[in-house]
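Please walk me through this protein structure.

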Amino acid sequence: MEITNVTEYQEIAKQKLPKMVYDYYASGAEDQWTLHENRFAFTKILFRPRILIDVSKIDMTTTVLGFNISMPIMIAPTAFQKMAHPEGEYATARAASAAGTIMTLSSWATSSVEEVASTGPGIRFFQLYVYKDRNVVAQLVRRAERAGFKAIALTVDTPRLGRREADIKNRFTLPPFLTLKNFEGLDLGKMDKADDSGLASYVAGQIDRSLSWKDVKWLQTITTLPILVKGVLTAEDARIAVEAGASGIIVSNHGARQLDYVPATIMALEEVVKAAQGRVPVFLDGGVRRGTDVFKALALGASGIFIGRPVVFSLAAEGEAGVRKVLSMLREEFELTMALSGCRSLKEITRDHIVTEWDSPHPRPAPRL
C-alpha cells in the first residue's frame, strides 16, 4: 500500500511494534483528552485563501536561532528511538540532515550525542532534562557542545512524570538490549523494572523536582549555547522566560503526556506569541500531521513547528526512508497550502489567512429587504 500521508504510518507502526513499545509512543496522560485535542483543535481553524497571486515560486526557507533551514518543520526530541528501529537516532539524524532541517536529540536517546554527531553534518539541538546531580547536567551540556550541537531545549514541564496508564499496565521498561546512551558511563543508563512504569520510577529517582527559573539562569552560566524553554503554555510563563534570558520558547504539552486537560498547543500558541512580543521566536510542537497544520501554526505567530510521534512511527515502519518520507510529505503539503492560500514566502503568511472558532465573528452587512 502506498503511503500518501503522515498519519498512515501510525497504523503500520502499531502492527510492527511490540505492544509495550507502541503504547509508550502512542499514549497520553490519564484520560488522554489533551492527546485527542492536540489533533482536533486544528479543525477549529479555517483558511481565508487569497487568489490570483503569482505562486509560481514558493520559498519555504527560514532561519532558526541564526541557522538556515529548508522549511519551518523540525524534529522534536523523542526518547528511546532504537525501540522503533535498530538504527534509531542515527536514522533520524541522517533524515533531518538530508531534508535540510533541525533534529532535536532527547536526553533519553538510545544513541549518544557523540554517536549522533558521527552521522555527518547537520544542525542539531539537544533536549535536556535536569538531573538532581548538577554535575551530570554540566557534563552532558559540555558533551553536547563538543559534539557540535547548536542549542539546548530545556524541558520544563516534567518535575514528575505524567500518569501514563498504558505504561503502568504494560510495566513499561527499556528493553534489556538498550540503554540511555548519554548516561551509560554515569551508571544512570539502565532502567529497573518496577511495579508500575519503570520510566516513572526512574524519573522519580533522578529528575530534579526543585527545578525553577533560577536553574534557567544557572544553565546560562555553564553554556554559551542558546536555551529554548520547552513546555510553556501561558502568557505569564512566556514573559518570565523572556526575562530569564531564554533565546526561544517551545509551546508544548509534552505530546499530551504530562498534565491532562491542558489546552491543545495550537490553542495556547497565540497567547504565548502575544506575550513574547517578538522578543524571542516561539515554536510549537504537538499534533502536527499535515502541511495545513504547519501553515495554521505560522499564521498564529509560530516561527516553526516540531514533529515527534510521526518520526517514531515512520521510523518503525521504514527506518530512515520513513522519516525522510514524513519530512518530504509535510514539506510538499505545506508548499501546496502556501500556494493555494496565496503566500510565496513565510513572511507573507499572516493572521488574516485564517479564521478560528474563537475569533469574534466577522460582522456581516445586514441583508437588504
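This is a predicted model: local features need pLDDT of at least 70, side-chain atom pairs count only at pLDDT 80 or more; totals for chains, interfaces and linings use all residues.

**Strands, crossovers and packed helices**

Asp285 stands opposite Phe306 in β11. Asp285 belongs to β10, and three bridges join β10 to strand β11, residues 304-307. The two strands run parallel.

Strand β9 covers residues 248-251, and three bridges join β9 to β10. This pairing is parallel too. Here Ile249 stands opposite Val282 in β10. The chain reaches β10 from β9 by way of helix α11, residues 265-276. This β-α-β crossover is right-handed.

What covers the faces of β10, residues 282-285, and which residues lie on each side? Both faces are covered. Val282 and Leu284 are on one side. Phe283 and Asp285 are on the other. All four of these residues are buried.

The buried residues are Gly291, Asp293, Val294, Phe295, Lys296, Ala297, Leu298 and Ala299. After α12 comes Gly301, with a positive phi near 110°.

Ile45 lies in strand β1, residues 45-47. Is Ile45 buried or exposed? Ile45 is buried, with a relative accessible area of 1%. That value falls under the 20% limit for a buried residue. Ile45 and Ile354 are 309 residues apart in sequence, yet their C-alpha atoms are 6.6 Å apart in space.

β6 has two strand partners to visit. Strand β5, residues 103-105, is joined to β6 by three bridges, and the two run parallel. Within this pairing, Leu105 has Phe126 of β6 as its bridge partner. Strand β7, residues 151-155, pairs with β6 over four bridges, in the parallel sense. There Gln127 has Ala153 of β7 as its bridge partner. From β6 the chain crosses to β7 through helix α6, residues 134-146, in a right-handed β-α-β crossover.

Helix α6 has a helix partner as well. Two packed helices are described by the angle between their axes and the distance between the axes. The axes of α6 and helix α9, residues 213-222, come within 10 Å and cross at roughly 50°. The two helices are therefore oblique to each other. α6 passes α9 in a right-handed crossing. On the α6 side, the residues that meet α9 are Arg134, Val137, Ala138 and Val141. They meet Asp215, Trp218, Leu219 and Ile222 in α9.

The axes of helix α1, residues 8-16, and α13 come within 10 Å and cross at roughly 170°. α1 and α13 are therefore roughly antiparallel to each other. From α1, the contact uses Tyr9, Gln10, Ile12, Ala13 and Lys16. From α13, the residues in contact include Phe313, Ala316, Ala317, Gly322 and Met329.

Two loop residues end the tour. Ser345 lies in the loop between α13 (309-341) and β12 (354-356). Ser345 is buried, with a relative accessible area of 12%. Beyond its neighbours within four places in sequence, Ser345 is in contact with Asp59 and Met338. His85 sits in the loop between β4 (73-75) and α4 (88-99). Again leaving aside neighbours within four places, His85 is in contact with Leu315 and Gly319. His85 and Lys150 are 65 residues apart in sequence, and their C-alpha atoms are 26 Å apart in space.

Conventions. Residues are numbered from 1 along each chain as its sequence is written. Side-chain values use heavy atoms; hydrogens and water are left out. Buried means under 20% relative accessible area, exposed over 50%, partly exposed in between (1.4 Å probe, protein chains only). Contact means heavy atoms within 4.5 Å. Two strands pair if DSSP finds at least two bridges between them. A crossover is right-handed if, with the strands pointing away from the viewer, the path from the first strand over the helix to the second runs clockwise. Axes are lines fitted to C-alpha atoms, for helices over the stretch in contact, and angles run from 0 to 180 degrees between N-to-C directions. Angles under 35 degrees count as roughly parallel, over 145 as roughly antiparallel, 65 to 115 as roughly perpendicular and the rest as oblique. A crossing is left-handed if the near helix is turned anticlockwise from the far one by less than a right angle, and right-handed if clockwise.
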